[in-house]
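Please have the viewer open as you read.

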Amino acid sequence: MYSEDDINSAVDAGALSAEAAASFRSYMTKVRELPRGSEENVRLINSFNDIFVSIGIVILLIAVGAIGQAIAGVVAPPIDWLGLNGEMTEEAMAQNLSQQQLHDAVSMAFAGLLVAASAWPLSEFFTRKRRMALPSILLLLAFVGGAFFAVLGTGMALAVDGNARVGALMISLAALIAAGVAYLHWRRFMVPITVAAGTAGIAGTVIALLLAAIGPDNINENVVFPLVFVAGLAVFAFAMRWDISDRDRTTRRSDVAFWLHLLAAPMIAHPVFAMLGVTGGDNPGLGAAFGVLAVYVVFGLFALAIDRRALLVSALAYVLFALTFLFREFGAVELNFALTALVIGSALLSLSAFWQPIRRGIVGALPEHVQAKLPATEDPALTAAATV
């Protein structure tokens, strides 16, 4: 499988003419009856070798993390709880708990540091030289995640017995450092998911700082969910900036936008449905269930307009839950799951089959200045050929 980035690289290198690349894209659009940009091409696997290498990377990084934890055990030994005398003073218990917390923090720091330090040179070979898709994603996550936990563990070690406010500040610092190392990784390797990882770090920094300012005693779901929702909207707006810069979706910017939409979708969907009362596990009630369906329709209209499916996928679990409840309430107890799966499956397949005609109707109803910023509803090359 060759991505748009590979085609563009071949054009830049002179191995493929720009006309041949455009002709190939038009041909694939005609064969699949869907513009290539609307397919949301995301390269995860080039070949089975990607899976083979990914397995090796995961095993190696787990081993490196375990070595880091072993080194931490020497620097800050853990407490042997089984070997302790059952009768301890409160002071002794507090000291042991502090020692165990120190060990856990140092273990996190050493493991994260070694994982991040190992991921970078591996990226030099498998990402920069071999251009392997899945290993590149895993190594990026390992590098950024390792840096995050290394900083977080170090902060926790320095602030053992600290309060919740200090913990929030440590998380914000770790998230900020993670965003910084993601930027360095992007400058070196240009893996599309890196921008989403860095954006997640910035969002985490802002949310953690706000929670630290609010104070641990005032933090609850009614505070956290609105913050996450607003952050999700900001990430969505950032994703749209990348999308608008590549309406035909033929460059790496489109791949960056895809991962940003994938990040924004759960940050938007989960708070909305949580505030509707469908995430607590209890019966949401008829009003909330119908509210879920109404919100999902709105998500669907947005997904069609911007030609991205991430919102629909992120909200799917809540719709399944709501429909199952509705079918049970209206008497279809034994078949509620089957009916729910039938309705959702049929709706998704129908939407996929008629995505372009429906999208043309929705985009056509929008103001022209909005249409000019959205992906085209027809393939430009085919439209030009038809007018010749």
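This is a predicted model: local features need pLDDT of at least 70, side-chain atom pairs count only at pLDDT 80 or more; totals for chains, interfaces and linings use all residues.

## Helices and the model

Helices here are DSSP runs of H or I with at least four residues, numbered from the N terminus.

In soluble globular proteins, nonpolar side chains tend to be buried together.

Which residues does Leu 260 contact, once neighbours within four places in sequence are left aside? They are Val 195, Ala 196, Thr 199, Val 235, Phe 238, Ala 239 and Trp 242.

## The second largest cavity

The count of cavities of 30 Å³ or more comes to two. The second largest cavity holds about 60 Å³ of space. Its lining is made up of Phe 236, His 261, Ala 264, Ala 265, Ile 268, Ile 306, Arg 308, Ala 310 and Leu 311.

By type, the lining residues divide into seven nonpolar, one polar and one charged. H9 and helix H11 (310-314) each supply at least two residues of this lining, and H9 gives the most, with four.

Not counting residues up to four places away in sequence, Arg 308 touches Glu 40, Asp 243, Arg 249, Ser 254, Ala 257, Phe 258, His 261, Ala 303 and Trp 355. With Ser 254 there is a polar pair to look at: the backbone oxygen of Ser 254 lies 3.1 Å from a polar atom of the Arg 308 side chain.

## Arg 128: a partly exposed arginine

Now for the other arginine. Arg 128 is found in helix H4 (residues 90-129). Arg 128 has 44% relative accessibility, so it counts as partly exposed.

Leaving aside neighbours within four places in sequence, Arg 128 is in contact with Ser 123, Arg 188 and Phe 189. A polar atom of the Arg 128 side chain lies 2.9 Å from the backbone oxygen of Arg 188. Arg 128 and Phe 189 are 61 residues apart along the chain, yet their C-alpha atoms are separated by 6.0 Å.

Key:
Residues are numbered from 1 along each chain as its sequence is written. Side-chain values use heavy atoms; hydrogens and water are left out. Contact means heavy atoms within 4.5 Å. Buried means under 20% relative accessible area, exposed over 50%, partly exposed in between (1.4 Å probe, protein chains only). A polar contact is a pair of N or O atoms within 3.5 Å; within protein, one must be able to donate a hydrogen and the other to accept it, and residues adjacent in sequence count only if both atoms are side-chain atoms. On a 1 Å grid over the protein atoms alone, a cavity is a set of points where a 1.4 Å probe fits but cannot get out, and a pocket is an open set with protein on both sides within 12 Å along at least five of seven lines; lining residues have an atom within 4 Å of a point. Grid points are joined across faces, edges and corners, and a volume is the space filled by probe spheres set on the points. Ala, Val, Leu, Ile, Met, Phe, Trp, Tyr, Cys and Pro count as nonpolar, Asp, Glu, Lys and Arg as charged, and the others, Gly among them, as polar.
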